[in-house]
Structure formats: structure tokens, C-alpha cells
Amino acid sequence: MSSFAAIALTPAGLKTLLPLATGLPAELWVPPSLVVDAEAWNAEVRVYDRSLKDTLADLWIAHDGLILALATGAVVRLIAPLLSDKASDPAVVVVSETGAQAISLCGGHQGGGDHLTRQVAHLLNAEPIITGSSQAHGLPGVDVLGKPFGWSKGSGDWTGVSAALAHGKPVEVLQDCGTSLWQDHLPTTHSFVFDSVRNPVARLWISPIQRRFDPDSGFPKAQWHPRVLWVGIGCERGTPQAVIAAAIERIFRAGHFSLGAIAGIASLDLKADEVGLVALCAERQWPLRCFSAEELKAIAVPNPSTVVEAAVQTPSVAEAAAILAATETSGGKLRVTKQVVRVEGQPGAVTVAIAQAEREYIPHPGHLALVGTGPGDLNQITPAAKGAIAQADAVIGYGLYIDQIRPLCRPGQIVEPWPITQERQRADRAIDLARWGLDVAVVSSGDCGIYGMAGLVLEQLQASGWDGETPTVEVLPGISALQAAAARVGAPLMHDFCAISLSDLLTPWKVIVQRLEAAAQADFVVALYNPKSKTRTEQIAIAHQIFMAHRSPNTPVAVVKSVYRPDETIHRTTLSAMLEAPIDMLTVVLVGNQSTQRHGPWLITPRGYNGQFGG
């Protein structure tokens, strides 16, 4: 998990940075003079008693990102002696004392500065100021585009390739493995070229092959290595870690493969406790997949061995395990047949085979953020929800809702708008991407847990045997349609209320009628969702009849359409005239109870009955 430090020197700056303590989260650092202010705001802070220059030098080493509420010029002077390399320096974000702007000062896309700036801006409701060329062109940084997919960054002239893109020059992409999702979500004006081109000015390879580039060439080239290679290993008991590592490296050099393209190691389950193998996987952070002899025996291999079968009950370990591990992820094929390697002067023999998976391995668990975006106005989305959308690798939702949150999306993000009728497909897609290892935001209007996608995603996870932990799930609430509609007309929900959807797509109409009858008789204030569509017109009429049977015709009613959106319309009426107002699927109908009153444009439901107001 990334670690962040936020530094304030003034009371105003500390107050501005407070939301970052829980939103990122970030450690708040202050001088002794701000301790009293921190206590007054119940803020947990770290106090530095040395100079800011010395403190910043310590934080520079220990954190992935630093956020300073300080003048930009002062920050530049403070960090200048600390700058080393953009690939290793922490991200630095400067926040104006008022919190109006968040500036990506250092770290850009490689160090995560641009990404952190967006997070900070959303949490503070500030304007993100990002000056990099990639941002201006709506492109992901070429040197970070593989990060969401766990690709290993190879050698090359990254600055030269980035400069070519910044100038809109054609950059040829030669990709023979890994996902093409990043290609599908580029802006139409991008200058990447994916087919034959005569005169590219730079080239990007995406491949498991390790290429060597001439450092003096005037033609910039760079390479990413998706983790698609599963290495099957068979070895004698007690083979040292160094021997296994040397065997893998020898086979990879011979085939010109990059070690960065290794997804993991595969072997027989008898090797699950092989000390050298386990230690190597732990050191290199490679997963170790072990299979039973029965599983391996079922895999057709080019070089079965009767000797191996007699020893471990399967004719193949290395080849079969590599193929099975690659196929388990997706379709797999053998790239290197088994090779037996001995290291001179060392005990043990190692058998190595390599299979390539169609889908790369992402070396971290995925995450599902189920996000409520409120009624559609960006000002009505919580900072936490904005942050979840901004930091997600992929954003999925109904097309209308995606359009509403587009300004929160960043260059290079996978953004998938779906038709309104494909909720289950949306959920399955999000789950698949999260199980693969991506951070996925599933957006719903209003509150995602009220007639939104949260329940459906959790249902689909539950049905698929989810362990409740991987992928991780977070539910981020939003302002529901009934809350937004109520706020526009006053305080109609001040007493007991309920919400009923009139859509019978997922609930039998008989059940809906029972609920309408019960709510009407119990004198609940009622919010009617999905009241009427082009083909479903009788339900709202029946609901009207039910309420008319139990409530005064003069009961106040509000019919609110597209609340907080540019085409918002509000009709304040009575129960008897309710059906005269325009009603559709973007409408929420609020039906008052026996105590609800109309006062000018406002609907007011007292906190208590018979004039006995609550406190």
C-alpha cells in the first residue's frame, strides 16, 4: 500500500489538508506551533521539531508521495537538493492554502504525481493542475501504460519515445502478447500506429522477448514485457536455489526471453515444499503453482518420459505444469520444450519448460469499488466516490451515468459504457476484471446500494463461490434519488418513509401491490422509483388508486425528474392531480403522509404527529 505524508505550516493549510488524513490516507505533519489547532479539530498529527528542510529529507525516503500546503516556489527550493531520478523520487503535490488548486509538481506519471494530484483534488474539491504533455493529449504516459496490467518495464529510450508522442509523431507499436485493452481506450487523436507504417519516428515493443537497443541510435525504442510466461520446473530433491535460478536464466538467455515476462513457476505438488524452489519464488515474488500427478497426467506433452512417470506417477512435470498454469489463466501454448540443465560444480539437475498464456498475470489482487455517483451533478458526488473513480484502472456503468462522470476519468483509463438493460453483464464484466487484478469502479446513479449495482455485484460474487476477500470490495454511498428529490422540495422525509420501485422486471407485480397497500395503510411517506416507462404505463395508475383509497386527495405530492441535472423539472401537486404531471423512468414521485404540508414551494413533514415535533 502506498504511503503519503501531508505537511502544513499554517492553521489554514492544516484545515485544508485534514480530509487527506482519512481519504488517502496520509500522515499529517505539523510544526509544534500547530499542535493546539490540531487538537481543536481533533486531528491526529505527527509533530516535527527539526527544520522543515531536514524533516522533508526524512519523509522523502520513507513515503511514496508528499503533499505540501505551501507556496510552490518554497517547495521547489526545498526539494531541489533531494531530486535524484524520476523513476525513484516520490510524487510531490503542492496544494494552495485555500485548497482551490492541487499542482502536480514532481513525479509526474512515473512517480504517480499526476495520479496523486487527481486524488487530492477530488478529496479537496480542488482544481487539479497537471502540465505534462500526456495529460494535454489525453494519453496515458507511455512509460506507465503497462502498470495496471502488471507489465515489467524493459529497457529503452523512454524519454525519446515519450517526446515523439508529445509532438504528435507516429510511434509504431509492435505487440505480440498481453492485453490490447489499453489500445481500445485511446483518444481518437493519438499517434500510436498499430499496423504497417513507412516512417515512424519511434517504436514500442510489447513482447516477452528481450531486445537490445543501440544507445547511440537516433531512433528511440522502448519495450514492455507482459507477464505471460509460466516456467515449468522439475528438479531433484535438495537442488539449491542458485542452481534453479541459473537454469531458468540460461534457458531465458538462449530463447531471448525477458525475466520480466515471467508470470510464475509451475511444478508437481510434491515440489510445493522444495526449499530452493520456494525460496526463489519468494525472492523474485513469483507465484508457485503446484499440480497433482493426476492433473499433469491429463496434459498432452511433446516429450513424455516413462522414467519420470515411474518416479512421480506422471510422464511430464515441467512441460505439463507450464502448459497447465498457462491454460489455467487463459489459453496456453508451449514456447520452450523441456530442457535439462546442470550447473557445473553444483548438485542437482533442473528441467525447465516455458509456456505462454494468452492473458498476462497481474501480480496483485483486484478491487471492486461499488460507487454511488448521486443524482448526476459532479458537485453532488462525495469526495470518496470521486477518488475511487479517479484511481480505478477500469470504470464500468450504464452509458448515461458514465457520461455524467467523464470529467473524473483520466487518460489511459478503461472506461466502458453499457446499455441500460445489461446490468448482470456489467456485474460479470467488473468481477472478471477485478479477479484478473484490476481496480474496478462500478458506478450507479444515486446510492449504489439503493436500486443500484452494489447488490447485483455482490450477488454475482456470492454465486461464483467468492471467498469474501479476493477481490476486495468497497461500497461507496451516494446521495440517493429520493434524498436529492426531497432536498429540492423541502423536507418531506422527516418522518418514517419508504421507497418502492414500480418496475416488475425483477419483482412480481403482486408483491409490489402488497407493498403499496401496506405503505399506504401505514401512512409512510413514499418515494416511488421507476414509476413509468414507454411500455409500462399501468403501474403508476394502480399505485395512484391505492394511495387515493387511503389518503386525502389533497395530500402533497412532488414529481421530480432528472434531479440536479440540466433538464431537471419539478412539479408540486396533490395526490388527486398526480397523474397530470409528466412521469417517466428518470422521475421520482414523493407522496406525503397525512401530516405532510405544503407551504409555498416547500413540502414539510413534521417530525411528530398532531403538531408534536421531535427535537
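Where is Pro471 found? In this predicted model, Pro471 sits in the loop between α17 and β22 (472-476). Pro25 belongs to the loop between α1 (11-23) and β2 (27-30).

Helix α17 (residues 453-463) brings us to the helix pairs. Its axis and that of helix α16 (residues 423-436) come within 9 Å and cross at roughly 60°. An angle of this kind makes α16 oblique to α17, and the crossing is right-handed. On the α16 side, the contact is made by Glu423, Arg424, Arg426, Ala427, Asp428, Ile431 and Arg435, which meet Met453, Leu456, Val457, Gln460 and Leu461 of α17. By class, the residues of this contact comprise 6 nonpolar, 1 polar and 5 charged.

Another pair is formed by helix α19 (residues 509-522) and helix α20 (residues 538-550), whose axes come within 9 Å and cross at roughly 30°. With the cut-off for roughly parallel set at angles under 35 degrees, α19 counts as roughly parallel to α20. The crossing of α19 and α20 is right-handed. Trp509, Val513, Leu516, Glu517, Ala520 and Gln521 represent α19 in the contact, and their partners in α20 are Gln539, Ile542, Ala543, Ile546, Phe547 and His550. This contact of α19 with α20 has 8 nonpolar, 3 polar and 1 charged residues.

The crossing of α9 and α10 is right-handed. Here Gln241, Ile244, Ala245, Ile248 and Glu249 from α9 meet Gly276, Leu277, Ala279, Leu280, Glu283 and Arg284 from α10. The classes in the contact of α9 with α10 are 6 nonpolar, 2 polar and 3 charged.

Turning to individual loop residues, Arg551 lies between α20 and β26 (556-561). Its relative accessibility is 7%, so Arg551 counts as buried. Polar atoms of the Arg551 side chain lie 3.1 Å from the backbone oxygen of Ala519 and 2.6 Å from the backbone oxygen of Gly592. Beyond its neighbours within four places in sequence, Arg551 is in contact with Ala519, Ala520, Asp523, Phe524, Val526, Leu575, Val591, Gly592 and Asn593.

Asn593, one of those contacts of Arg551, is itself a loop residue, placed between β28 (587-591) and β29 (597-599). Asn593 has a relative accessibility of 2% and therefore counts as buried. The side chain of Asn593 reaches the backbone nitrogen of Ser595 at 2.8 Å. Asn593 and Leu493 are 100 residues apart in sequence, yet their C-alpha atoms are 9.5 Å apart in space.

Positive phi values outside glycine deserve a look as well. Asn42, in the loop between α2 (35-40) and β3 (46-47), has a positive phi of about 55°. At 72% relative accessibility, Asn42 counts as exposed. Gln313, which is not a glycine either, has phi near 65° and lies in the loop between α12 (306-312) and α13 (318-329). With a relative accessible area of 46%, Gln313 is partly exposed.

Note on methods
Residues numbered from 1 in each chain as written. Predicted model: local features only at pLDDT ≥ 70, side-chain atom pairs only at ≥ 80, totals over all residues. Heavy atoms only, no water. Axes fitted to C-alpha atoms, helices over the stretch in contact; angles between N-to-C directions. Helix = DSSP H or I, 4+ residues; strand = E, 2+ residues; numbered from the N terminus. Parallel < 35°, antiparallel > 145°, perpendicular 65-115°, else oblique. Left-handed = near helix turned anticlockwise from the far one by under 90°. Contact = heavy atoms within 4.5 Å. Nonpolar A, V, L, I, M, F, W, Y, C, P; charged D, E, K, R; others polar. Buried < 20%, exposed > 50% of the residue type's maximum accessible area, 1.4 Å probe, protein only. Polar contact = N/O pair within 3.5 Å; in protein donor to acceptor, adjacent residues only side chain to side chain.
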